[in-house]
Amino acid sequence: MKCFFLFLSFSVSVFAQKTIKREYDAGSIPREHPLDFQELKLDVNLDVKQSLVKGTVTHLFTPLRSKVDNFYLDGRSNMTISSAKLDDKDITFKKDSVGFTFFPEPALAYGKKHSLVIKYEVKPKSGLYFMGWNDSSATYRKQVWTQGQGVENRHWIPMYDDMNDKIISELNITFDASYQVLSNGNKLKEKDNKDGTKTWQFRMAQPHSPYLIMLGIGKYEIKEIKLKSGQLLRCYYYPEHKDRFEYIYKLTPQIMDFFEKEIGINYPWKAPYSQIPAQDYMFGAMENTTATVFGDFFCVDSRSFLDRNYVAVNAHEMAHMWFGDFITARSNNDTWLQESFATHYQWLFDRESYGQDNFDWQRKSAITSALTASLTDQKAVGSSNGGTTRWYPKGAFVIEMIKSIVGREPYNRAVKRYLERNAFKNVDSNDLLVAFQDELGISLNWFWDEWVYKGGEPAYKVSYQDIKNSKNERFTEITVEQTHEVNDLVSLFKMPIKFEVYYRDRTKDTIITVIENQSHKISLPNKNNMEIDFVLFDPNSQVLKSVNFIKYQEEWMNQALRAPQMLDRYDAILQLKGVEMNKKRETLISVYMREKFHAVKAEIINQISSDTAKESLELLLAAVKHKDVNVRKAVAANIANLPKQMENECRVLLKDSSYLCLETSLDKLCAKYPEYQNEYLEITKSELGNNHKNVRIKWLEINCNIDKTNYINELVSYSSSNYEFRTRVLAIDALKRLNFCNETFIENLSNAITHFNGRLANPAGQCLEYLYKQNSYKKLINDFYVKTKISDKHLIKKWMK
């Protein structure tokens, strides 16, 4: 290998500094607060039948200003304060729709510590959720759990509810002794009371942001795992899920061990790390300090594990114990300092556990997501309006680019310095930038300008020529143009990019150079006068970008066959989509047979699925029984295109270990071969599927197309409040496809639309809207709402247009 490098140790001179400009962002301004809250102690009782919180909260704080004659606490209009005392004396307060203003007399002075004690009651509509306590069918789990992010804890605690403060929290709760209770920090007390209740006391030893306060209550078993470092993990699970524990919490100890080693700082909290599942949880999970809540749809068995499991989310939330909890963004525009880092370290654990190709595939997906998001707007990663794609996958990719520029070991040193310097504090993007400056002696202002403070991604047009000059010297001249629109939000990008020229004798030449202008020409000497096999621009996609690289078909085939990195082989296969099968079949089959990663194999299956040539049929027949479930899923997804003679071989997919593969196969086989539909239904009649009954619901939907009478009632029942939200959504979508409506289904839709979980409420609303637009159902729906009393009917009416 011959290399021509522009060494990045010269980065200070190579990357001349520019004045950083950024779009005005109101979300970058931290909320003002005249008080420094230091402790929050909450004594709470819950009336679960009334969904009522009865609490006494004590705030310890110090004024930050010389004179404070009023201060504000967040709350809600349905919150009632019965008593408020400042330093044991009554304090006047005024209520509005979103909180309370307090008027101390005399005014508070800088530096003195004060105590505010508030007794209150509230029936929270958000933040704290009472689950299943009034369920007459007794099929719903009885739980209480909280979701504090972004500013939801104010719905059940009168407090300063923002990310830019740090407090020691303590929670004392009295509840039915037959239940388990979890909150942040150490459990200091678990006391039995004479009335059949217990009182639990949890307290943090170190400060954290108020939105991270949590409470979880339910029927659980707890398994403790002690790591070699001495750190204790406490894993909550449902008593009936003992046989699922290893799949729910798979690799949990390894995640903690890996992060402590990779980050270079041990788990920073003086408390066990606990995790607890919750029913109908609206997100994947939430990184409450020392006590993560996650959706119980991750409580999977060995088969469901193949389709969706907790490993990646587990790693993401655990990474937040450092990035988000240990250090916390000062304001919303720096959300990426939490979510991008948690996503990035999740990727790193994925690489540690499943290999480089999996890590690279995560990056590939991030590129696709970022480029798609930029079709809508070009907000920055460091913007309060950046959105999920910029804060999670794009930001994670940006972090990997920082690492590629400075090196892994220097990056780790800088990040460790950043964490240790800002331990238990709020941070902004500049704090991270300064850590790199101070630890490594380099300035990355140019990078922050391009990738953090501005938006968009570079778009490159690339071509090359194989040139011999008058001196008979041969070289490869590569032309690179930046073709994206440059505006106030998006600049030309300056990035070190690698170029590789591969020759027919399997040698290569490499150069790394900085691309910063609108147009560049790069020359690589071909000293041995070799024929070019293919050329790579930014091999393995180290830079987040779009590329139009002009190549001949033969070059793409050569790249697919011989590029050393999976992403470059995958990109080459994609470029063959429009090529006639007779011209690419041999290449596709050859790549498939030697390829290890499922995404490349899946794309080949997509392209070859309708080919009736003997070699292609042999490949597809083998793929049906491939050991990698993702390859089998690719076959199932392409059943509609497969040659008809494969019908019998595809039946094996109806007994697949993957519930999703089974469901897809049942659906597509019935559609393609209706003459065998009854046989397929007989094979799968005993399958329920995953936690959400995906196979059973699909089975019922197909049967209802034949005979609604015997199957529709069961399908409608799965849309009711007796089931968790994912089961309900699957049933609602199936009934929508069947274009079915009756009063029972309208009632179930109504309940779903008024549910706090938008992932249930929105699909239900869309179904009602779809049905209401049909004249055959409009009267039925109107009549139902005339005779039926439903709370929050305004939430339903907005879908009836």
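Which residues does Arg31 touch, not counting residues up to four places away in sequence? Keep that in mind as you open the viewer, and remember that this is a predicted model.

**Stop 1: Arg31**

Select Arg31, in the loop between helix H1 (11–14) and strand E2 (35–47). Now show what surrounds the side chain: Arg31 touches Tyr72, Asp74, Arg154, Tyr160, Asp161, Asp162 and Asn164, leaving aside residues up to four places away in sequence. Arg31 is partly exposed, with a relative accessible area of 26%. Arg31 and Tyr129 are 98 residues apart in sequence, and their C-alpha atoms are 27 Å apart in space.

**Stop 2: two cis peptide bonds**

Most residues other than glycine have a negative phi, and most peptide bonds are trans. With that in mind, select Glu105 and Pro106: a cis peptide bond joins them, with omega about 0°. Pro106 sits in the loop between strand E8 (99–103) and strand E9 (114–122).

Then move to Gln149 and Gly150. The peptide bond from Gln149 to Gly150 is cis, and omega is near -5°. Look for Gly150 in the loop between strand E11 (143–146) and strand E12 (168–176).

**Stop 3: two positive phi angles**

Select Leu251, in the loop between H2 and helix H3 (252–263). Leu251 is not a glycine, although it has a positive phi of about 70°.

Now jump to Asn472, in the loop between strand E24 (459–468) and strand E25 (474–482). Asn472 has a phi near 65°, a positive value in a residue other than glycine. Is the residue buried or exposed? Asn472 has a relative accessible area of 59%, over the 50% cut-off, so it counts as exposed.

**Stop 4: aromatic pairs**

The structure holds 56 aromatic pairs, and two of them are on this tour. A pair of aromatic rings is described by the distance of the centres and the angle of the planes.

Begin with Tyr247 and Phe305. Their ring centres are 6.2 Å apart and their planes are at 55°, so the pair is tilted. This pair links distant parts of the chain, 58 residues apart: Tyr247 belongs to helix H2 (residues 245–248), while Phe305 is in the loop between strand E21 (291–295) and helix H4 (311–319). Tyr247 is partly exposed, at 22% relative accessible area, whereas Phe305 is buried, at 14%.

For the other pair, select Tyr673 and Tyr676. Here the ring centres are 6.4 Å apart and the planes are at 50°, so this pair is tilted. Tyr673 is buried, with a relative accessible area of 3%, while Tyr676 is partly exposed, with 29%.

**Stop 5: where H22 meets H23**

Finish with two helices: H22 (residues 725–737) and H23 (residues 743–753). How do the axes of H22 and H23 cross? They come within 12 Å and cross at roughly 135°. H22 and H23 are therefore oblique to each other, and their crossing is left-handed.

To see the contact itself, show these side chains:

- from H22, Arg728, Ile732 and Leu735
- from H23, Phe745, Asn748, Leu749, Asn751 and Ala752

Colour them by class and you will find five nonpolar, two polar and one charged residues in the contact of H22 with H23.

Definitions and conventions
Residues are numbered from 1 along each chain as its sequence is written. This is a predicted model: local features need pLDDT of at least 70, side-chain atom pairs count only at pLDDT 80 or more; totals for chains, interfaces and linings use all residues. Side-chain values use heavy atoms; hydrogens and water are left out. Axes are lines fitted to C-alpha atoms, for helices over the stretch in contact, and angles run from 0 to 180 degrees between N-to-C directions. Helices (H or I, at least four residues) and strands (E, at least two) are DSSP runs, numbered from the N terminus. Angles under 35 degrees count as roughly parallel, over 145 as roughly antiparallel, 65 to 115 as roughly perpendicular and the rest as oblique. A crossing is left-handed if the near helix is turned anticlockwise from the far one by less than a right angle, and right-handed if clockwise. Contact means heavy atoms within 4.5 Å. Ala, Val, Leu, Ile, Met, Phe, Trp, Tyr, Cys and Pro count as nonpolar, Asp, Glu, Lys and Arg as charged, and the others, Gly among them, as polar. Rings of Phe, Tyr and Trp (its six-membered ring) pair if their centres lie within 6.5 Å; planes under 30 degrees apart count as stacked, over 60 as edge-to-face and the rest as tilted. Buried means under 20% relative accessible area, exposed over 50%, partly exposed in between (1.4 Å probe, protein chains only).
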